[in-house]
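Please read the following briefing alongside the sequence and the model.

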4 protein chains.
Amino acid sequence: MTDSPSMSEVLKDCPKNWGRWGEDDEVGALNFLTAEEVLRGVQHVKQGKVFPVQLKMGDPNGDPVWPGRRAAERLMVIDEGNWIGGSAPEFPGGLHYADDFITAFLQGSTQYDALGHVWYDGEIYNGYDAKTTIGGLKKASVLPIAEKGIVGRGVLLDMARYRGKDRLEKGETFTHEDLEACAEKQGITIEKHDIILIRTGFLGSFHEDGPVKFYDGFNEPGLTFSKELVEWFHEREIPNLVTDTIANETTYEPDTGVALPLHCALMRNLGVTFTEICDLEALAEDCASDNQYAFLYAAAPLKIVEGTGAPVNPIVVK
Amino acid sequence: MTDSPSMSEVLKDCPKNWGRWGEDDEVGALNFLTAEEVLRGVQHVKQGKVFPVQLKMGDPNGDPVWPGRRAAERLMVIDEGNWIGGSAPEFPGGLHYADDFITAFLQGSTQYDALGHVWYDGEIYNGYDAKTTIGGLKKASVLPIAEKGIVGRGVLLDMARYRGKDRLEKGETFTHEDLEACAEKQGITIEKHDIILIRTGFLGSFHEDGPVKFYDGFNEPGLTFSKELVEWFHEREIPNLVTDTIANETTYEPDTGVALPLHCALMRNLGVTFTEICDLEALAEDCASDNQYAFLYAAAPLKIVEGTGAPVNPIVVK
Amino acid sequence: MTDSPSMSEVLKDCPKNWGRWGEDDEVGALNFLTAEEVLRGVQHVKQGKVFPVQLKMGDPNGDPVWPGRRAAERLMVIDEGNWIGGSAPEFPGGLHYADDFITAFLQGSTQYDALGHVWYDGEIYNGYDAKTTIGGLKKASVLPIAEKGIVGRGVLLDMARYRGKDRLEKGETFTHEDLEACAEKQGITIEKHDIILIRTGFLGSFHEDGPVKFYDGFNEPGLTFSKELVEWFHEREIPNLVTDTIANETTYEPDTGVALPLHCALMRNLGVTFTEICDLEALAEDCASDNQYAFLYAAAPLKIVEGTGAPVNPIVVK
Amino acid sequence: MTDSPSMSEVLKDCPKNWGRWGEDDEVGALNFLTAEEVLRGVQHVKQGKVFPVQLKMGDPNGDPVWPGRRAAERLMVIDEGNWIGGSAPEFPGGLHYADDFITAFLQGSTQYDALGHVWYDGEIYNGYDAKTTIGGLKKASVLPIAEKGIVGRGVLLDMARYRGKDRLEKGETFTHEDLEACAEKQGITIEKHDIILIRTGFLGSFHEDGPVKFYDGFNEPGLTFSKELVEWFHEREIPNLVTDTIANETTYEPDTGVALPLHCALMRNLGVTFTEICDLEALAEDCASDNQYAFLYAAAPLKIVEGTGAPVNPIVVK
């Protein structure tokens with residue numbers, strides 16, 4: 001750990017979008033999603049197919065989460081049992097109902113990260129003081145993202161299929177050039193302002209191999225840092241990066257050991273929103289069969305005041 | 001209460017959709033939302049405007065909820081304070097982050113009801129035994145709804161504006177004929193399979209009048225039961241009813257005092273999904289100004305296994 | 001608020017016990033409770049009567065808590081309903097069971113405050129940096145108190161009865177001289193190292209008057225600050241102050257408007273532990289009838305790691 | 001599982017205390033703890049030593065719990081960080097404070113079981129209908145236990161030390177005869193109405209071996225069922241069984257494979273209260289050194305309305 005360079009050293013030559021949308025901006029690269037981009041996205045609805053891509057919450061077999069978090073917990077408040085047991089309220093007419101309750105990490109299921117979720121050097125996205133995160137995000141929380149909504153053209157890059165695998169391995173990396181090559185093989189072009197969805201298949205290993213193996217030497221596959229990759233995102237003005245991994249990038253940058261540099265380079269510095277822990281299996285299967293890899297993507301996380309992130313069930317419409 | 005007729009008496013001549021989509025069906029009238037309906041909805045995207053219509057969760061001034069529930073509670077797990085205090089983890093490179101946690105009633109914010117959320121006479125939607133609700137909905141939970149997603153043509157019926165009010169009064173009712181008249185005044189036709197969004201403005205009274213007054217003699221404005229109204233929903237094959245009230249109908253049917261008969265007539269018997277506690281203010285304002293009251297509606301609640309309902313931030317695209 | 005003097009000004013001439021038990025001490029005046037004091041307490045067990053003095057948690061009529069907190073919430077995990085509904089586990093032999101769950105503020109029921117619960121000027125009890133509170137109390141948490149336990153002689157001072165009232169009024173104050181006078185009238189002497197229990201009867205107003213009135217102009221009755229009162233506690237080496245109010249002292253010091261100065265003077269500076277929100281009604285009734293106001297007091301809050309406080313059900317044995 | 005006899009078969013010749021203390025009784029064998037027993041307990045306070053025997057809650061290395069439950073979770077509400085970050089309330093005088101929050105299984109730490117916690121054949125302790133458990137224990141909850149308090153003579157039986165081990169093995173069993181032999185070796189007699197504390201040392205394996213090994217083939221050491229053992233408890237009128245294991249008996253009865261028959265025989269049928277997950281290490285060490293194995297035991301779980309159990313920090317005074 002002591003041998004790793006500091007984040008600011010690693011990212012010293014990388015671009016930033018701070019101030020680009022005003023000093024009060026809290027949604028960053030989502031600003032690229034103008035009305036025109038919404039209309040562009042809509043043009044890709046060809047068949048009327050709908051794919052909600054959230055991963056299930058509260059799977060009886062467990063939910064994969066970042067080490068130290070835990071899966072959402074659903075608890076019953078009332079159900080038919082209460083009427084059987086005589087402890088239920090009476091309503092005129094005799095209606096019965098079921099009610100439940102949840103405790104959850106806001107980052108513990110498919111979720112949008114707030115732009116202020118991750119930082120270094122005392123400043124979050126757009127230069128807000130990191131102390132504004134204390135007790136809740138006063139700046140760059142998930143709320144403005146949820147109030148804007150994310151609608152545009154999405155493209156699926158099926159990296160697992162591209163590499164001929166069911167799923168990428170622990171720590172397996174890829175670059176923007178791999179994304180381009182994958183797109184080319186799929187017969188599409190990654191356009192400016194596209195919402196990028198990357199499938200690694202990795203979360204499947206949680207259920208296939210079991211949690212003990214999944215968390216042992218935890219190191220997700222994913223994009224890996226380079227200055228060129230950051231510039232690629234910057235030039236293409238990518239508003240939103242969506243993956244089926246917990247943290248949207250390989251956990252530890254292989255060369256330096258630095259943890260999650262793309263959270264810093266893309267989210268904190270460029271204002272790219274991150275959508276994590278998606279379930280892209282059914283969508284990928286469908287894209288492979290009809291060869292339509294571009295579509296309308298529509299998502300809006302929960303409007304949680306001051307949230308560091310919020311659960312979401314993004315919708316792909318083809 | 002003892003004077004109220006039973007729900008089965010009240011609804012005895014009303015239609016049912018049980019079995020219509022097979023004995024295993026769990027999404028009811030959402031089955032009307034075929035690929036054709038998705039494509040029909042998309043045709044109403046004219047301008048590229050996006051309106052996420054969830055009501056904020058965790059408003060510092062409080063969230064309106066059904067009596068007996070409480071607002072979602074957000075708690076901090078880690079933030080910049082932990083680094084200042086020396087109790088934070090160290091990551092190679094020095095990344096800092098903020099993480100938080102929520103406890104919430106699944107029915108305590110903008111949410112989709114599962115079709116099994118409400119019942120009478122020991123059977124939920126499609127005839128499943130009400131005992132399947134015990135400990136979690138084994139049948140007709142919110143999960144199949146979340147896995148299908150709801151995409152189609154939505155229409156806003158601004159009942160408050162139609163009646164020349166900022167918001168409807170406690171207990172103020174309206175019927176399907178009022179909906180038709182409102183639509184006509186707005187210059188649109190309610191078509192078969194439309195997702196109906198009704199604005200009453202009522203939740204505004206929570207913040208304007210304060211919680212004590214809001215809950216005193218709690219009785220929401222809304223649709224009120226009649227056999228004709230149920231048939232109207234049935235004939236139009238409405239898949240989804242969306243309102244800006246907590247329970248989508250007037251709380252107590254004025255003639256009989258029966259509580260929430262439309263939950264039973266529409267949700268349990270016809271399989272119409274209910275979306276509650278929306279914030280339709282900005283959308284209504286916009287519709288009044290551009291006179292476009294029909295649009296693409298896209299929503300997918302969280303995929304909560306066995307949930308009685310799940311939070312959602314529905315998206316309207318015009 | 002701007003007119004109030006600062007806490008350090010208010011307390012500038014008051015005594016402190018910092019360092020008295022070493023620079024690593026975390027239990028303060030509980031150090032006075034030596035083995036001798038335990039034996040002294042035991043001598044007051046005369047009749048074999050037992051009074052657990054916690055206030056109920058999860059009263060269906062509500063629990064009184066400090067404004068901004070809420071009552072504990074109990075949720076069911078499993079019960080006989082799950083066996084009726086067919087969703088329960090099977091154990092060899094056929095055992096059934098009930099299990100439940102709680103969400104609670106650690107300061108939201110009868111509880112011991114950690115000595116680090118309250119502070120001013122950047123330092124908590126014993127001079128530890130207030131930044132050690134961030135994310136959990138690294139110093140002077142409730143854990144060392146819970147690991148030590150509190151056993152000694154307790155005395156009940158029934159201030160309500162002394163003043164001929166069912167309960168003291170909002171904002172009604174009393175002093176150490178009133179405590180002495182009350183003790184005298186009760187026929188006991190407050191001795192060195194006594195655990196002092198003060199009954200005001202105030203929490204009864206929560207249920208009698210209702211929450212709206214209870215919280216309106218919230219200002220608890222209780223001890224009020226003076227330098228002499230602090231010295232009185234200091235000289236008597238009182239280890240623990242136990243009351244039937246939420247915060248053990250009048251909320252706002254009448255002369256200056258300063259909030260909770262005794263938390264600072266007694267807890268932070270002298271290391272006196274505070275036990276709050278007790279239910280002393282049955283005990284007081286009994287003491288009035290048998291005239292035994294001194295007894296064995298035995299309490300140990302939950303051993304919650306880094307807790308700011310912890311629930312407790314203290315035991316009085318007469 | 002199908003080969004195991006039913007609980008009623010297993011226990012068919014065992015004694016019951018139903019009705020013994022009236023048809024409304026909810027505290028069972030705690031009725032044996034009369035004022036005389038309190039006074040008998042007090043006589044064993046010889047030295048003024050105090051041992052709170054709860055196991056820590058929220059140990060950073062994890063807490064051992066029954067499979068399917070989880071450890072308590074402490075979350076921060078406010079601390080000095082909030083003042084540094086500018087998001088804290090201002091009080092006249094300038095007081096700062098720390099506040100926190102917990103989510104926990106009521107059976108997930110040192111706890112008293114309610115007598116209605118476990119049952120078979122549709123009836124809980126005293127013959128109450130098992131349907132009274134639905135949604136919360138309407139009968140024989142932990143509340144009456146918490147309101148009574150448990151004070152009497154306790155005796156430690158250090159089975160691990162007796163067998164010359166640091167801790168008993170998985171599935172290792174012992175009987176009432178072993179308890180007698182252990183007592184004899186320790187130089188004490190188990191008397192009528194004694195509160196029995198049994199040390200196995202087993203929970204130490206959670207931290208020593210790690211959770212994976214601890215839960216693998218989960219089968220606690222402990223007392224094992226025989227009709228004679230149940231009669232032994234019955235004749236000695238034992239009010240309370242306290243152990244340092246999660247479930248106070250060996251998990252699976254070796255002969256029949258039946259799970260937790262003593263919960264049924266002792267708790268449900270005889271009304272013996274169970275106190276689980278204690279930390280008896282320091283107490284045992286001390287008893288071994290001063291050879292005083294009998295003492296005052298004083299405990300009162302939290303007064304949680306309708307609770308299936310409640311956390312507690314029992315106090316041993318020698």
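In strand E9 of chain C, C:Val155 has C:Ile196 as its bridge partner, and E9(C) pairs in the parallel sense with strand E7 (residues 150-158) of chain C over five bridges; two strands are said to pair if DSSP finds at least two bridges between them. This is a predicted model, in which local features need pLDDT of at least 70 and side-chain atom pairs count only at pLDDT 80 or more, whereas totals for chains, interfaces and linings use all residues. Residues are numbered from 1 along each chain as its sequence is written, chains are lettered from A and ligands numbered from 1 in the order in which they are written, and side-chain values use heavy atoms, with hydrogens and water left out.

**Strand E9 in chains C and D**

- E9(C) also pairs in the parallel sense with strand E11 (residues 240-243) of chain C, here over three bridges, and in E11(C) the bridge partner of C:Leu197 is C:Val242.
- Strand E9 (residues 195-199) of chain C is mostly covered, since five of its five residues are buried, where buried means under 20% relative accessible area, exposed over 50%, and partly exposed in between (1.4 Å probe, protein chains only).
- Helices (H or I, at least four residues) and strands (E, at least two) are DSSP runs, numbered from the N terminus.
- In a regular strand the side chains alternate between the two faces of the sheet. In E9(C), C:Ile195, C:Leu197 and C:Arg199 point one way while C:Ile196 and C:Ile198 point the other way, and all are buried.
- In chain D, five of the five residues of strand E9 (residues 195-199) are buried, so this strand is largely enclosed by the rest of the structure; D:Ile195, D:Leu197 and D:Arg199 point one way from E9(D), with D:Ile196 and D:Ile198 pointing the other way.
- E9(D) runs parallel to strand E7 (residues 150-158) of chain D, to which five bridges join it, and D:Asp158 has D:Arg199 as its bridge partner in E9(D).
- On pairing with strand E11 (residues 240-243) of chain D, E9(D) is again in the parallel sense, over three bridges, and the partner of D:Ile198 in E11(D) is D:Thr243.

**How the copies are related**

- Chain C can be laid on chain D with an RMSD of 0.0 Å by a turn of 180° and a shift of 0.0 Å along the axis, the copies being superposed by least squares on the C-alpha atoms of residues with pLDDT of at least 70 in both.
- In chain C, the C-alpha nearest the axis belongs to C:Thr103, at 2.2 Å from it, and 100% of the contact residues of chain C recur in chain D, so that the same surface serves both copies.
- Chain B can likewise be laid on chain A by a turn of 180° and a shift of 0.0 Å along the axis, with an RMSD of 0.0 Å, and the two copies are thus related as by a two-fold rotation axis.
- In chain B, the C-alpha of B:Thr103 is the nearest to that axis, 2.2 Å from it.

**The interface of chains A and B**

- In this interface, 93 residues of chain B are in contact with 93 residues of chain A, contact meaning heavy atoms within 4.5 Å.
- Because 100% of the interface residues of chain B are also interface residues in chain A, the copies meet through the same surface.
- About 7000 Å² is buried between chain B and chain A, 67% of it on carbon and sulfur atoms; buried area is the accessible area (1.4 Å probe) that two parts lose on being put together, summed over both.
- Four salt bridges are counted between chain B and chain A, a salt bridge being a side-chain nitrogen of Lys or Arg within 4 Å of a carboxyl oxygen of Asp or Glu, and the side chains of A:Arg69 and B:Asp99 meet in a salt bridge (2.8 Å, N to O).
- Strand E4 (residues 99-105) of chain B provides the largest share of the side of chain B that touches chain A, namely seven residues.

**B:Gly309**

- B:Gly309 lies in strand E14 (residues 309-311) of chain B and is buried, with a relative accessible area of 0%.
- Leaving aside neighbours within four places in sequence, the residues in contact with B:Gly309 include A:Asp100, B:Leu106 and B:Val142.
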